[in-house]
Amino acid sequence: PSRARARAVTTATIVSWALMCDANPSFVQCDRTIAGVSGGDVATRNTIMGQSVVTAATGVIDLASGSASTYNASTTVTFDLSALNVGAFVHASGGTVSGLGSAWTARTECTTTSVHYTQSSGTTYGGVTWTAPSDVSNLPTVDIWVGSAGGNNQAVTRRKLTLTRDGNWNAPPPSTPTCDASAVPTNGASVGDCTATLAAGATCQPVCASGYTVSGTSACNSSGVLTPATCTAAPDPTPGGGYGSYGSSSSAASRAVSRSASLVFATILGGALA
């Protein structure tokens, strides 16, 4: 009998501990599921954190006075939380929730959603702010879910506030392609005024090494494709391959021989006439 009572006490303790864990609002994850529960979307389950769900028609979450339920890029919507019990969570399917106060903990690992939870008592939180992301082109609506329970073995009260993107929402400006023109061309001396982010439709001027001529400018087209300038060997600036007015090396040598012969003849002739 004593062992049976011990087992009964142990079983009761385990069940009680499990209920406490299941009722922990920190189990609500970034994707609106419940940790360790398959298919545990808090928006569709009949139980949340191990407790029955009561869907509230009013209260729990309401728009603050004067706040609209529509949004544009980076705009804010203010709402109030009321009638919250010991444990509660707030889950926004997009944007960022702020202003809940120190009693709440934010899930910092969430990137596209916003999740906060509290395990402290409190009944009303006013002036809570939801901020839309800077790009709402793929965010036509946002659901803000709030769930609250008074403790273990108590029903969870849940309500949703839906926000809608304004019909005149501002689409983000289209991104402008760029080209990477930061490479020094072959036989080049420097990139000149070229950069790694040359705008589409723009040109820049690299600098060639001594003895090389640049073909023109490097250009970035409207699709972000670069046509780079090149450096080619500069032609010899002197006529005849570098021998001035004497032309080629062979003709210059012939002229040198001719001048030498003329000088010898003039010397001989001068001696004969002396």
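User: Does Cys231 count as buried or exposed, and at what relative accessibility?

Analyst: This is a predicted model, in which local features need pLDDT of at least 70, side-chain atom pairs count only at pLDDT 80 or more, and totals for chains, interfaces and linings use all residues. Residues are numbered from 1 along each chain as its sequence is written, and side-chain values use heavy atoms, with hydrogens and water left out. Buried means under 20% relative accessible area, exposed over 50%, and partly exposed in between (1.4 Å probe, protein chains only). Cys231 counts as buried, at a relative accessibility of 8%.

User: Which residue does a disulfide join to Cys231?

Analyst: A disulfide is a pair of cysteine sulfur atoms within 2.5 Å. The link to Cys231 has -90° about the S-S bond and is left-handed. At an S to S distance of 2.0 Å, the partner of Cys231 is Cys208.

User: Where is confidence lowest in the protein?

Analyst: The protein averages a pLDDT, the predictor's confidence in each residue from 0 to 100, of 79. Where pLDDT is low, the predicted coordinates should not be read in detail. With a mean of 37, confidence is lowest in helix H1, residues 2–22.

Key. Helices (H or I, at least four residues) and strands (E, at least two) are DSSP runs, numbered from the N terminus.
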